[in-house]
Amino acid sequence: MSGLATIWIGTAALLTLSLATILLLIVVRMVQQHMSGRRAAKRRHIAHRLLAYVIGTDDGASLKGQLAGTRDISGELMLELVQLIRGQERARLLVLLTDLSVPRSLLRDLRRGRHPRRILAAAALRYFDDPEVIAGLRRALDDRDSQVRLGAAASLAELGAAPPLAELMARLRPDQLHGSHLLRLVFRRLAATDPESVASALTLEAPDSVKVLALDALGRSGNYGAVPKIAAIATSRASIEVRLEALRSLGLLRHPNGLPAIRQSLFEPDWEIRTQAVVAAGRVGAEQVVPELHRMLDDPAWWARFRAAEALLQLGRPGLLALKSAAAAGAGHAPEIARQVLAERDVR
Amino acid sequence: MNGLPWAPDGMIDAVWIISLVILGFGLAQSAMNLLLLGISLVTLVRQPPLPSLALLWGDFSEVAPPIALIVPAHNEERTIEESVRALLSLQYPEFEVIVVNDGSQDRTLERLIESFDLRPIVRPYDHAVEHKPIRGLYGASQYRNLFVIDKERGGKADALNAGINFSRAPLFCAVDADSILEADALLRVVFPFIDQPLRTVAIGGTVRVANGCKVRSGRVIEVGLPQRLLPLIQTIEYMRSFLIARLGRSRIGALTIVSGAFGLFRRSVAVAVGGYSHGTVGEDIEIIVKMHRYLHEQNRDYRIDFVADPVCWTEVPTTLGTLARQRIRWQRGSLETLFRHKRMALNPRYGRIGLLGVGSILVVDLLNPIIEVLGYLLIPLFWALGLLGADFMLAYLAVNFAFGVCISVGSLCLEELELRRYPRAKDLAILTLAAIFENFGYRQLNNFWRVVGLFRFIARAPREWGRMTRKGFKGT
């Protein structure tokens, strides 16, 4: 067969294959379309009954039987509802989910489902504090997909059942995670249930990526005991990313013990460090930094000047007076930014 | 000696060479498209989109960075209110909407002021990139995250630059004023920035054809197909372009464009490259190539990518005249970018983006239209004169027509397997017919317009956007 004949015969074969495929897909869709109308109606009905059950106007006598026959629809609906409610309503719904073996279906999805189902299963299992669920989530820490591993880790952390931090990090394979923000969720959950393990990640030996995660989590945990350690990191020779995160955490914690480190950082050569220090100073709210922030209104970096003006507004009357005096000073960076921020906030 | 006594041997050789070049080019293009189709299929099968974000919304929201939606608007009086209301109701934890009124001559600004009770405001901003002077800034007490910049006319790139300066979020999303974003589009398009925050620089989402859809209050409430042939064919064309070309190219590190209608960018990198460039009609492709160049030259590990699941709907031209102007402009934009960054084309120093990305602009946008149009004229002529045999003609028809149908139908199969936006089996059947018809006339017309665009670029003809008569999105 000549090359030319190969081309047109090959193309004809590909064309036949593609048209046959789409025709098959159309037929499949026609069948599914017929069934989906009924599914949508069923879903609406179940949603209505579930809401009534949750708020207590339906005693659920026949509900379980109905839901058992429509587990794929009802399981999905109930999980969506669980996120939206709290307290006794959530507890009732979780009991119903367990009675319908939804956790077991989720564990099956976690082991064998396609990528989207494994991700959703890993997230949904956090509502079930059960040894089988915990075991399944721990196995999922070795999943080939990073999102599934992270979802399982976040769920375990929320259940207070995460393995020790070193083991958790090894199984999550952080080198493959590219600094995923979802890892921050894991650490934040861990900080709520096991703050000591998170604080232990601030040691010298831990890589910067782990320190950043720990600093973020501790900053949001309200754990004032960590302030000295965080402050030391903020003024150490750690990388810029670590020091930025440390300053951010000090700002979130708002503890006055963090102020010396914040003040020292106002004089850093890196504009991002200075800017973050300014933000932290405003949050801590100590009036003794007003003179330094006043000076920062003339910083070479626009963002540092802007954040300094905003921070002064957070420092009560002394801050406001400093900003107003800068605004009245004539021309230059400091008066301009001061005037603009005062005008933006409509402060007279 | 040849079988045609009137044709000298030299002529036969020349015909044969020309014909082989034309056929070879077509084959190479087809092979590339097939490869991209395969890559896209594997990508979507391995990581299909999440059907619903309801279960993950809480987690994503906690770590989702703030976004500034920058909406350049020029003479959008008819649809601007509806568009802005729809943007304000997007499902995202923290975002601001910055409408940039770029010297409109109609009542775009007045409409915004009336609809949202806007008042003049002062808001300090960093003059990081260049743009024409701002005439006024407006804010709304009822919508704390809505801002309007009124500025002198400077074009879309200029308007986007004004928005970049004004924004305070680490990410900005460039959105056309007539684009309709799906409610969860921001959550989906931001995911790479959550997943790989250190690397991700720009992400494009899918743009789909809104003609024929039922739209209410700036939302697509029912997906449908256009009634008219021209937008129907564009539906398939967009599907092929986004699901195969963009998805496939992004996987091989050769994505050179993030659609101007819907793209998410890291503000600091946009500022580092000087924002959007003036003096080009292809500002969306140019900024991406500029970013690639800058990041390569900085030796940074970065990601510029496309994700299929976040969707933006847009109205497409319904008349040949408007479509022609649009395609000529797009071609011109590609060529302007190519020549601005010509040192990258086929340059191994720039890795895959140089070889396959900018290199493909050279091949696909510059050379291919010329060769295809020559083929339409010469191959049938050579065959009619007996200079080419039936085998060659069949091979040529296969490569230039039948293969195109395979690729278009292939994109439809991808759509049906993993995305399924069209609700009815009948829609699929209609789109299949459109995929066939697309390759008999429409594609050829497009190549002709691209050649026109090339000549206009060479002749440095005045750039024109033309006017697209917007029908606006009427409710049901």
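## A leucine in a loop of chain A

Does L202(A) count as buried or exposed? The model is a predicted one, and in it L202(A) has a relative accessibility of 8%. Buried means under 20% relative accessible area, so L202(A) counts as buried.

The residue L202(A) belongs to the loop that lies between α11 (195-200) and α12 (208-221) of chain A. Beyond its neighbours within four places in sequence, L202(A) is in contact with K211(A), A214(A), L215(A) and L218(A), and also with K229(A), I230(A) and I233(A). Between the C-alpha atoms of L202(A) and L213(A) there are 9.5 Å, and the two residues stand 11 residues apart along the chain.

## Chain A as a whole

Chain A contains 20 helices and 0 strands. Its radius of gyration is 29 Å, whereas the globule rule gives 20 Å for 348 residues; chain A is therefore more spread out than a compact globule. Along the principal axes, the C-alpha trace of chain A spans about 75 × 75 × 50 Å.

Of the 348 residues in chain A, 51% are buried. Among contacts in chain A with a separation of 6 or more, 61% join residues 24 or more positions apart.

## Two helices side by side in chain A

Two packed helices are described by the angle between their axes and the distance between the axes. In chain A, the axes of helix α16 (residues 271-284) and helix α18 (residues 302-313) come within 8 Å and cross at roughly 5°. Because of this angle, α16(A) is roughly parallel to α18(A).

On the side of α16(A), the contact is made by W271(A), T275(A), V278(A), V279(A) and G282(A); on the side of α18(A), W303(A), A304(A), R307(A), A308(A) and A311(A) take part. Sorted by class, the contact of α16(A) with α18(A) has 7 nonpolar, 2 polar and 1 charged residues.

## Chain B as a whole

Chain B has 13 helices and 12 strands. For its 476 residues the globule rule gives 23 Å, and the radius of gyration of chain B is close to this at 23 Å, so chain B is as compact as a globular protein of that length. The box filled by the C-alpha atoms of chain B, taken along the principal axes, is roughly 85 × 45 × 45 Å.

Buried residues account for 63% of the 476 residues in chain B. Of the contacts in chain B with a separation of 6 or more, 80% are between residues 24 or more positions apart.

## The nonpolar cores

In soluble globular proteins, nonpolar side chains tend to be buried together. The largest nonpolar core here has 255 residues. The residues with the most contacts inside this core are F187(A), L69(B), V99(B), L181(B), L186(B), F265(B) and M291(B).

Leaving out residues up to four places away in sequence, M291(B) touches V201(B), A202(B), F265(B), V269(B), A270(B), V273(B) and I304(B). Another core, of 20 residues, lies apart from the largest one, and its members include I22(B), Y376(B), F382(B) and V451(B).

## Buried residues in chain B

The residue V281(B) is located in the loop between α8 (267-272) and α9 (283-297) of chain B. With a relative accessibility of 9%, V281(B) counts as buried. The C-alpha atoms of V281(B) and A157(B) are 8.6 Å apart, although 124 residues separate the two along the chain.

Helix α10 (residues 320-340) of chain B includes Q331(B). This glutamine counts as buried because its relative accessibility is 2%. Apart from residues up to four places away in sequence, Q331(B) touches D365(B), P369(B), R450(B), G453(B) and L454(B).

## Positive phi values

Which value does phi of H178(A) take? Phi of H178(A) is near 50°, a positive value in a residue other than glycine. H178(A) lies in the loop between α9 (165-172) and α10 (181-193) of chain A, and at 31% relative accessibility H178(A) counts as partly exposed.

In chain B, S217(B) also has phi near 50°, again positive in a residue other than glycine. The loop between β9 (214-216) and β10 (219-222) of chain B holds S217(B). The relative accessible area of S217(B) is 51%, so S217(B) is exposed.

Key: Residues numbered from 1 in each chain as written. Chains lettered and ligands numbered in written order. Predicted model: local features only at pLDDT ≥ 70, side-chain atom pairs only at ≥ 80, totals over all residues. Heavy atoms only, no water. Axes fitted to C-alpha atoms, helices over the stretch in contact; angles between N-to-C directions. Helix = DSSP H or I, 4+ residues; strand = E, 2+ residues; numbered from the N terminus. Parallel < 35°, antiparallel > 145°, perpendicular 65-115°, else oblique. Contact = heavy atoms within 4.5 Å. Nonpolar A, V, L, I, M, F, W, Y, C, P; charged D, E, K, R; others polar. Buried < 20%, exposed > 50% of the residue type's maximum accessible area, 1.4 Å probe, protein only. Core = buried A, V, L, I, M, F, W, Y, C linked by side-chain atoms within 4.5 Å. Rg over C-alpha atoms; globule rule 2.2 N^0.38 Å.
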